[in-house]
Amino acid sequence: MILPASDPIPAVADKAGKFKTLLAAVKASGLAEALSGEGPFTVFAPTDEAFAKIPSATLNDLLKPENKEKLATILKYHVVSGRVYSEAAVAAKSANTLQGAAVAIKATDKGAFVNDAKIIATDVDASNGVIHIIDSVIMPPAK
């Protein structure tokens, strides 16, 4: 049996070195403490390259204190309650996010996807959950 990592999700993401924008967004949204908490959580984590696909003016706007709620809503759409490894996620075909809406999970001959974001690495263990690395930021459906 492989023991989970001893660091919580934000620390594992920080050590990976390719989630600077995600970590800045998590801090700005006030979710850092929650994602360091007991969990477990499954996080579909967009890389810095994924965030680079968003126009910088839009991203800078989201990081402003007055948009904390909107940013938290987007980030919660990347988080699922529980420790869901890739095989179980693909088998489930969808997962309810902390934001409230579900994400679609599928595997095709082109790879595995959460909504339209390609999953580029799976099952990165943290003490309080698991991280799946994605190549795009996924947006919750408009209410």
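Which residues on the other side of H6 are exposed? Select Glu69 and Lys70: both are exposed there. Keep in mind throughout that this is a predicted model.

**Stop 1: helix H6**

Now select residues 68-76, the whole of H6. Leu71, Ala72, Ile74 and Leu75 are its buried residues. Look down the helix axis: the buried residues fall within an arc of 160°, so they line one face of H6. Next, show what covers them. The cover includes helix H2 (20-29), helix H5 (56-62) and S2.

**Stop 2: Leu75 and the cores**

Stay on leucine 75. Beyond its neighbours within four places in sequence, leucine 75 is in contact with Leu22, Ala25, Val26, Ser29 and Leu31. Leu75 also belongs to the largest nonpolar core, a set of 26 residues. Colour the contributing elements: helix H1 (9-16), H2, strand S1 (41-46), H5, H6 and S7 each supply at least two residues. Then pick Phe44, Ala112, Val114 and Ile138. They are among the 14 residues of a second, separate core.

**Stop 3: the sheet**

Switch to cartoon and select the strands. Seven of them form an open sheet with mixed pairing, ordered S2-S1-S7-S6-S5-S4-S3. From one strand to the next, the twist averages 30°.

**Stop 4: S6 and S7**

Zoom in on residues 117-126 (S6) and 129-134 (S7). These two strands run antiparallel and pair over 5 bridges. Finish on valine 124: opposite stands isoleucine 131 in S7.

Conventions
Residues are numbered from 1 along each chain as its sequence is written. This is a predicted model: local features need pLDDT of at least 70, side-chain atom pairs count only at pLDDT 80 or more; totals for chains, interfaces and linings use all residues. Side-chain values use heavy atoms; hydrogens and water are left out. Two strands pair if DSSP finds at least two bridges between them. Helices (H or I, at least four residues) and strands (E, at least two) are DSSP runs, numbered from the N terminus. Axes are lines fitted to C-alpha atoms, for helices over the stretch in contact, and angles run from 0 to 180 degrees between N-to-C directions. Buried means under 20% relative accessible area, exposed over 50%, partly exposed in between (1.4 Å probe, protein chains only). The arc is that of the directions from the helix axis to the C-beta atoms. Contact means heavy atoms within 4.5 Å. A nonpolar core is a set of buried Ala, Val, Leu, Ile, Met, Phe, Trp, Tyr and Cys residues joined through side-chain atoms within 4.5 Å.
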